[in-house]
Amino acid sequence: MNAIGSSTHGVQLSATAGSRRLGLRLSPTIRISVLMGAYTGTLAGSLVLAYLMRFDFSIPAADVLVMRRALLWVIPIQLAYLLVFRQFAGLLSFFSTPDLSRLFIAVLLGACTILGVWMMDGAAYTPPRGVILIDFIIAFVSLAAIRLTF
């Protein structure tokens with residue numbers, strides 16, 4: 001590497017000689033790990049916020065237990081749809097209309113899957129319908145905001 005850039009453990013810092021621009025290039029493994037963490041935190045936060053909004057920031061004790069159970073299976077389903085619809089691949093700094101539509105479809109299918117489980121199981125392990133709808137909206141807007149900030 002030249003005197004301007006340096007590379008350590010998959011992270012490469014580079015600066016252009018005549019500018020003040022500092023770029024951070026991550027290896028694919030680190031980039032996917034960072035995205036997975038950001039998406040997991042965002043999806044968990046959106047589900048908790050959906051519960052809080054649905055119950056006017058006073059969640060009944062029985063629903064707190066359902067929320068904790070739902071966090072264990074809802075987030076992996078939503079992450080799987082994001083993976084299938086290529087939200088972990090490509091250039092993060094380039095977020096186009098097709099990327100936005102794939103994100104929308106991934107989040108929508110996740111919500112439809114949760115709703116399908118609710119229809120089969122009832123309320124034992126699944127969030128209420130209002131929470132599913134609020135979570136869909138918050139998750140989509142939050143994930144789109146994350147992609148736009150990269």
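At what angle do helix H2 (residues 61-84) and helix H3 (residues 97-121) pack? They pack at about 145 degrees, with their axes 8 Å apart. This is a predicted model, so to speak a computed picture: local features need pLDDT of at least 70, side-chain atom pairs count only at pLDDT 80 or more, and totals for chains, interfaces and linings use all residues. Residues are numbered from 1 along each chain as its sequence is written, and side-chain values use heavy atoms, with hydrogens and water left out.

**The whole chain**

- The protein chain has 4 helices and 3 strands; helices (H or I, at least four residues) and strands (E, at least two) are DSSP runs, numbered from the N terminus.
- Of the 150 residues, 33% are buried, where buried means under 20% relative accessible area, exposed means over 50%, and partly exposed lies in between (1.4 Å probe, protein chains only).
- Take the contacts (heavy atoms within 4.5 Å) with a separation of 6 or more: 62% of them join residues 24 or more positions apart.

**Where H2 meets H3**

- For that opening angle, axes are lines fitted to C-alpha atoms over the stretch in contact, and angles run from 0 to 180 degrees between N-to-C directions.
- On the H2 side you'll find Trp73, Val74, Ile77, Gln78, Tyr81 and Leu82, and they meet Leu103, Ala106, Leu109, Gly110, Thr113, Ile114 and Val117 of H3.
- Sort those contact residues and you get 10 nonpolar, 3 polar and no charged; Ala, Val, Leu, Ile, Met, Phe, Trp, Tyr, Cys and Pro count as nonpolar, Asp, Glu, Lys and Arg as charged, and the others, Gly among them, as polar.

**Helix H1**

- H1 has 27 residues and should span 39 Å at 1.5 Å a residue, which agrees with the 38 Å between its end C-alpha atoms; the expected span is 1.5 Å times one less than the number of residues.
- Buried residues of H1 include Arg31, Leu35, Tyr39 and Thr42.

- Asp56 sits in the loop between H1 (28-54) and H2, and has a positive phi of about 55 degrees although it isn't a glycine.
- Asp56 is exposed, with a relative accessible area of 64%.
- Phe57 is in the loop between H1 and H2 too, with a positive phi near 60 degrees.
- Phe57 is exposed as well, at 58% relative accessible area.
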